Amino acid sequence: MPVSQSSPASASADTGVSAREHALLERRARLLGPTYRAFYRNPIHLVRGSGVWLYDAQGRKYLDAYNNVASVGHCHPRVVEALSGQAATLNTHTRYLSEIILDYAEKLLGTLPPHLGHAMFTCTGSEANDLAIRIAQHSSGNTSVIITDFAYHGATIATAQLSPAAVGTKGVPAQHRTVAAPDTFRDGGRAAHDFARNVAAAIEDMRAQNIRPAALLLDSAFSSDGIFFPDASVMREAADHVRKAGGIVIADEVQSGFGRLGQGMWGFANYGLEPDIVTMGKPIGDGHPMGAVIVRPRLVSSFGSNTGYFNTFGGNPVAAAVGIAVLDVIEGEGLIENARTVGAYTGELLDALKSRHGMVADIRHGGLYFGVELTADGDEALAASKTSAVVEAMREDGVLISSCGPRGNVLKIRPPLPFARDNAEQLAETLDRALSAW
């Protein structure tokens with residue numbers, strides 16, 4: 001979630017917002033209402049994107065080190081060509097026969113373990129997680145879902161209620177359970193060590209109230225919780241506890257999938273997990289609204305015959321063409337290997353900053369996904385304030401990042417996959433300057 005969000009009331013000449021941008025903010029508030037907020041104290045009026053770069057209305061360019069939606073780069077020519085070509089030919093829904101959706105399903109399934117045999121398409125990651133929960137509840141006969149205590153899984157009623165990062169733990173319905181995220185840093189990594197034990201305890205608590213789990217829903221990078229990469233054996237043990245209790249494992253790959261972590265296409269594979277359902281969104285379409293649910297066939301045999309599923313726009317021919325193009329670019333441009341090598345190099349540059357700046361407490365990374373935890377001598381409010389200030393300073397210096405974590409003190413760095421070594425150097429140099437201001 002963004003550290004700084006601007007509204008017309010907070011955007012003024014004091015923040016450097018131009019008269020034009022101030023007028024746009026006022027217009028947003030009038031037309032879109034109070035729930036829409038812009039990133040940064042001094043919002044950016046973007047007009048163009050290309051690769052890892054974004055350009056504002058004045059022609060200034062910004063290095064995008066945050067956006068995994070444009071996974072293979074903003075406005076990738078091959079994706080744009082696929083989208084426009086199919087849009088000029090046909091766009092309809094899945095109740096008609098179409099080869100391209102089958103071609104896409106076949107190609108996407110080919111990147112996943114063979115036990116995951118069916119693809120179901122949605123328009124967003126929220127819809128994908130919502131559908132996955134429905135399938136889990138139907139197939140298990142249970143209703144409860146276990147999540148981490150600052151997770152974010154979507155914006156539908158069902159997924160928002162399973163997103164403590166958005167609604168707080170008090171907003172999670174009583175039948176569900178939250179467990180501490182596997183924090184590998186605080187308290188010597190105790191939460192990471194105890195993660196499987198905490199899942200088992202949650203199941204026992206359910207059992208005492210005559211409740212059984214339908215699913216364990218996990219973001220493979222624990223993106224909102226603070227970005228963690230716990231020990232694989234602990235993750236597998238947690239999955240085993242849920243399965244023994246009659247539930248299934250859902251891997252939410254909306255943020256960690258499509259080569260992001262640099263060790264393969266999917267984050268769950270880093271733990272040796274065999275999820276029963278995999279959900280996808282954001283990077284699946286390089287900016288085009290798409291999502292998917294990949295599932296064990298046995299889980300949807302009854303669901304399909306008794307409930308069925310239809311999505312007017314999910315899996316339409318344009319989306320399928322875009323999805324194929326994204327997979328082709330990831331493979332053809334070696335973007336998973338790029339995430340691994342450039343990610344490692346970026347990690348080295350960030351590690352060097354840790355020795356230069358005492359406020360950098362921990363750096364966690366996998367591929368092109370980084371969490372930089374900042375501290376302030378035990379003062380959590382001050383650490384969050386410093387984190388927000390660093391994000392703002394970097395924005396002013398031409399590099400876009402954000403923050404995450406329940407304390408708001410983790411810099412969240414997640415650039416598009418074509419990120420290069422010189423981009424990593426610019427990121428590190430800019431972060432060095434921002435940290436030096438403190």
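This is a predicted model: local features need pLDDT of at least 70, side-chain atom pairs count only at pLDDT 80 or more; totals for chains, interfaces and linings use all residues.
Author: Residues count from 1 along each chain as its sequence is written, and side-chain values use heavy atoms, leaving out hydrogens and water. Local features need pLDDT of at least 70 and side-chain atom pairs 80 or more, while totals for chains, interfaces and linings use all residues.

Reader: Is α8 roughly parallel or roughly antiparallel to α9?
Author: Helices here are DSSP runs of H or I, at least four residues, and strands are E runs of at least two, numbered from the N terminus. α8 (195–208) and α9 (232–244) pack at about 15°, axes 8 Å apart; axes are lines fitted to C-alpha atoms, for helices over the stretch in contact, and angles run from 0 to 180 degrees between N-to-C directions. Under 35 degrees counts as roughly parallel and over 145 as roughly antiparallel, with 65 to 115 roughly perpendicular and the rest oblique. So α8 and α9 are roughly parallel.

Reader: Which residues of α8 make the contact with α9?
Author: Contact means heavy atoms within 4.5 Å. On the α9 side you'll find V234, M235, E237, A238, H241 and V242. From α8 come F195, A196, V199, A200 and I203.

Reader: Which strands are the edges of the seven-stranded open sheet?
Author: The order is β6-β12-β11-β10-β9-β7-β8, with mixed pairing. Two strands pair if DSSP finds at least two bridges between them. Pairing on one side only are β6 (118–122) and β8 (177–179).

Reader: Which residue in β10 stands opposite L217?
Author: β9 (213–219) and β10 (248–252) pair in the parallel sense over five bridges. Opposite L217 is I250.
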